[in-house]
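Me: I have a model open on my screen and would like to walk through it with you. Could you take my questions as they come?

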Amino acid sequence: MTQTAGITITGVSGRMGQMLVQQVAEHAQTLLVGAVERSGHDWVGQDLGVAMGGPANGVIVTDDAAQAMRDAQAVIDFTAPAATLGFAAMAAEAGIVHVIGTTGMTEQEIAQLKTPAERAIIVRAGNMSLGVNLLTLLTRKVAAALDADFDIEIIESHHNRKVDAPSGTALMLGEAAAEGRGVTLAEVSDSGRDGMTGARKRGDIGFSAIRGGDIVGEHDVMFAGAGERIILRHIASDRALFARGALRAALWGQGRSPGEYDMLDVLGLGD
Ligand SMILES: NC(=O)C1=CN([C@@H]2O[C@H](COP(=O)(O)OP(=O)(O)OC[C@H]3O[C@@H](n4cnc5c(N)ncnc54)[C@H](OP(=O)(O)O)[C@@H]3O)[C@@H](O)[C@H]2O)C=CC1
Ligand SMILES: O=C(O)C1=N[C@H](C(=O)O)C[C@H](O)C1
């Protein structure tokens, strides 16, 4: 594909929002056409470049997301679950690609994407990096090769501003491990141990979350057996990684049929 795609970014003042602005500017095939923040945010009405502390770039931050999507071929959305559901309806109305990086969505919220996906091309993943998506495949394979004599534990570490746990990535890895084991994650998931929990249940998949400082995102999948442990690890040290993945998804989605996709589809690693 050689055409340029117009991109609208929601939550543009956020950590990922600002990283996306930089990456769109550096990418030869993407052009920023819209920047959205919530009503009342002090960036609304300002030139985005100036709001970010640099020279003007001619894109005015708006709280009218539907309008900001009108001239776009894709909207990239790393915000919050309720906001993402609203943006999904607007992306469907505009018939464009909706790249969703937002994590912390409940099963019910995810199910609500089904209707907008009849008209929008939705690409959603708890982690947009190549490394993590490869790690899900490795996790599934190792989990399939080992029986429940190996306890599976997923340990994730993030910065102190993160609001959801377990992380979207940890849940992707948990799903992959459960799939490898031939079980449903909901039936074996064990998170938030505290107090007299009793001994670990055989077959459970455990989750632990560390929050501190400026950690970008680190994930371990541990298979703990008798006398040995296997640990699969991914460390993200730069958010640009996620932003580049999101741009790749936005471009991949051009000309696709409406529906729900993930990064394995984008990366050509799906079944
Ligand atoms: N899939 C992936 O690869 C990755 C996913 N993420 C996920 O992306 C999300 C955002 O992360 P991060 O950038 O660190 O978080 P931030 O809190 O820095 O940014 C979120 C932004 O969304 C804005 N926002 C929230 N609600 C609305 C709304 N209704 N309308 C418009 N804007 C809104 C926030 O505004 P305000 O400040 O006013 O609330 C803020 O600017 C999280 O769910 C995170 O887990 C992060 C990195 C990678
Ligand atoms: O909130 C973050 O920062 C991140 N969120 C994603 C997640 O929940 O897994 C991806 C990445 O780890 C950073």
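**Strands, ligands and domains**

Me: Which residue stands opposite Ile152 in E9?

Reply: Ile152 stands opposite Phe223 in strand E9. As for the names, helices (H or I, at least four residues) and strands (E, at least two) are DSSP runs, numbered from the N terminus.

Me: Before I go on, what kind of model is this?

Reply: It is a predicted model, in which local features need pLDDT of at least 70 and side-chain atom pairs count only at pLDDT 80 or more, while totals for chains, interfaces and linings use all residues. Residues are numbered from 1 along each chain as its sequence is written, and chains are lettered from A and ligands numbered from 1 in the order in which they are written.

Me: Back to the strands: how many bridges join E6 to E9?

Reply: E6 and strand E9 (residues 217-224) run antiparallel and are joined by 7 bridges; two strands are said to pair if DSSP finds at least two bridges between them.

Me: And in what sense do E6 and E8 pair?

Reply: E6 pairs with strand E8 (residues 205-211) in the parallel sense, over 7 bridges. Within that pairing, Ile155 stands opposite Ser208, and the bridge partner of Ile152 in E8 is Ile205.

Me: So what is the strand order of the open sheet that 5 strands form?

Reply: The order is E7-E8-E6-E9-E10, with mixed pairing in an open sheet. Strand E7 (189-191) and strand E10 (229-236) stand at the edges with a single partner strand each, so one side of each has no neighbour in the sheet. From one strand to the next the twist averages 15°, where axes are lines fitted to C-alpha atoms, for helices over the stretch in contact, and angles run from 0 to 180 degrees between N-to-C directions.

Me: Which strands make up the open sheet of 6 strands?

Reply: That sheet is open, has parallel pairing and runs in the order E2-E1-E3-E4-E5-E11. Its edge strands are strand E2 (30-36) and strand E11 (259-261), each of which pairs on one side only, and here the twist averages 20° from one strand to the next.

Me: Which helix packs on the sheet?

Reply: Helix H9 (residues 240-252) packs on it, touching E1, E2, E3, strand E4 (97-100) and strand E5 (121-124), and its direction makes about 155° with that of E4. Contact between two residues requires their C-beta atoms, placed from the backbone, to lie within 7 Å.

Me: New topic: how is the chain divided into domains?

Reply: Domain 1 takes in 5-124 + 239-267, and domain 2 covers 130-236; such bounds come from an automatic or database domain assignment. Taken over C-alpha atoms, the centres of the two domains are separated by 28 Å, and 8 residues of domain 1 are in contact with 8 residues of domain 2.

Me: Which element gives the largest share of the side of domain 1 that touches domain 2?

Reply: Helix H10 gives the largest share of that side, 3 residues. By class, the side has 4 nonpolar, 3 polar and 1 charged residues, where Ala, Val, Leu, Ile, Met, Phe, Trp, Tyr, Cys and Pro count as nonpolar, Asp, Glu, Lys and Arg as charged, and the others, Gly among them, as polar.

Me: Now the ligands: how many residues surround ligand 1?

Reply: Ligand 1 is surrounded by 26 residues, of which the closest are Gly11, Gly14, Met16, Ala83 and Gly101; a residue is near a molecule or strand if its C-beta atom, placed from the backbone, lies within 6 Å of it. Helix H1 (residues 15-26) supplies the largest share of that shell, 3 residues, and the shell has 8 nonpolar, 14 polar and 4 charged residues.

Me: Which residues surround ligand 2?

Reply: They are Thr103, Gly126, Asn127, His158, Lys162, Ser167, Gly168, Thr169 and Gly217, a shell with no nonpolar, 8 polar and 1 charged residues by class.

Me: Last one: is the peptide bond from Ala165 to Pro166 cis or trans?

Reply: The bond is cis, with omega near -10°, and Pro166 lies in the loop between strand E6 (151-158) and helix H7 (168-181).
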